[in-house]
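Biologist: I would like to learn how to read the features of a model like this one. Could we start with the aromatic rings?

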Amino acid sequence: MTEGMRKWRRALFYFLVLVAAALLAFFADIAVRIGDELIARPQFYPALQMVPASELASLPLATRFDFPLGSEHGAMAYNAQRFTENKHLGDDLNGIGGEDSDLGDPIFTIADGCVLLARDGGPGWGNVIIVLHAYDEKCQRKYAQSYYAHLQTMLVTAREEVWRGEQIGTVGTAQGRYWAHLHFEMREFITPYIGPGYRQDTRGWLDPSAFIQAHRGAPADDVGRAPAR
């Protein structure tokens, strides 16, 4: 083998080593950037499944809706960012002290229903609980979801039946991402979809405060959370 051939092979070897190193660095960078998302994605697949008709039919009919934070009629809490404000898909409910004064405060389910989802919702969400409710409107059975996000703790699990006024979690910060508050949504979906939080198109989402006010089902002087069952 001539000296020129040996130099050519040596140069080719070094070139291939550099290419391999570059490819390794590229795929390592991809793994670091989206690896967690790829690993976590399978747990989102159940959200694409429809709730069986038999389970929908067996849902208890909610005859009254209360607010999830503060008192049952919404006192002792304020709405820091309302539905559609800045394309917001829910209400950001805070204790009246502001900042982290409500950290750990109890969160109550707004009506009788069944827990569809209770888990970490991913970056920006923290712990999320979704409850499905059945209610009557003009003699027609309808369904709505209540959505509770940024929770510090969750006290219920998926497929568990819950009752109006039952504590299901506590106010959190989405693992330190925000000041303590409850991100609360109302939806017309029946699948446990995490969602974007902000969106121009609000079809499928309901104004949470307006929905509860319209479906309170209780006189103004009827105060107090429902007794535990």
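Modeller: Gladly. Rings of Phe, Tyr and Trp (its six-membered ring) pair if their centres lie within 6.5 Å; planes under 30 degrees apart count as stacked, over 60 as edge-to-face and the rest as tilted. By this rule there are seven aromatic pairs here. Please keep in mind that this is a predicted model, where local features need pLDDT of at least 70, side-chain atom pairs count only at pLDDT 80 or more, and totals for chains, interfaces and linings use all residues. Residues are numbered from 1 along each chain as its sequence is written, and side-chain values use heavy atoms, with hydrogens and water left out.

Biologist: Why is the pair of F65 and Y135 edge-to-face?

Modeller: Because their planes stand at 90°, with the ring centres 6.1 Å apart. The pair links distant parts of the chain, 70 residues apart: F65 is in the loop between β1 and β2 (77–81), and Y135 is in strand β6. Strands here are DSSP runs of E with at least two residues, helices are runs of H or I with at least four, and both are numbered from the N terminus.

Biologist: Are F65 and Y135 buried or exposed?

Modeller: Buried means under 20% relative accessible area, exposed over 50%, and partly exposed in between (1.4 Å probe, protein chains only). Both F65 and Y135 are buried. Ring pairs also join F65, Y135 and F211 into a cluster.

Biologist: What about Y148 and F184?

Modeller: That aromatic pair is tilted, at 5.4 Å centre to centre with 45° between the planes. Y148 sits in strand β7 and F184 in strand β11 (residues 182–187), 36 residues apart. Y148 and F184 are both buried.

Biologist: How should I read strand pairing?

Modeller: Strands of a sheet pair through backbone hydrogen bonds, either parallel or antiparallel. In practice, two strands count as paired if DSSP finds at least two bridges between them. Take β6 (residues 127–137), where nine of the 11 residues are buried. Strand β1 (residues 61–62) pairs with β6 in the parallel sense over two bridges, with A62 opposite Y135.

Biologist: Which strands run antiparallel to β6?

Modeller: Strand β5 (residues 113–120) does, over six bridges, and there L117 stands opposite I130. Strand β7 (residues 140–151) does too, over 11 bridges, including the one between V131 and S146.

Biologist: What do the hairpins look like?

Modeller: The hairpin of β5 and β6 has six residues between the strands, and G122 takes a positive phi near 100°. In the hairpin of β6 and β7, two residues lie between the strands, and K138 in the turn has a positive phi of about 55°.

Biologist: In what order do the strands of the open sheet run?

Modeller: The three strands follow the order β4-β10-β8, with antiparallel pairing. The edge strands, β4 (106–108) and β8 (153–154), each pair on one side only. Two bridges join β8 to β10 (residues 167–170), and M154 has G169 as its bridge partner.

Biologist: And the overall picture?

Modeller: The protein has three helices and 12 strands. Of its 229 residues, 43% count as buried. With contact meaning heavy atoms within 4.5 Å, 66% of the contacts between residues at least 6 apart in sequence join residues at least 24 apart.
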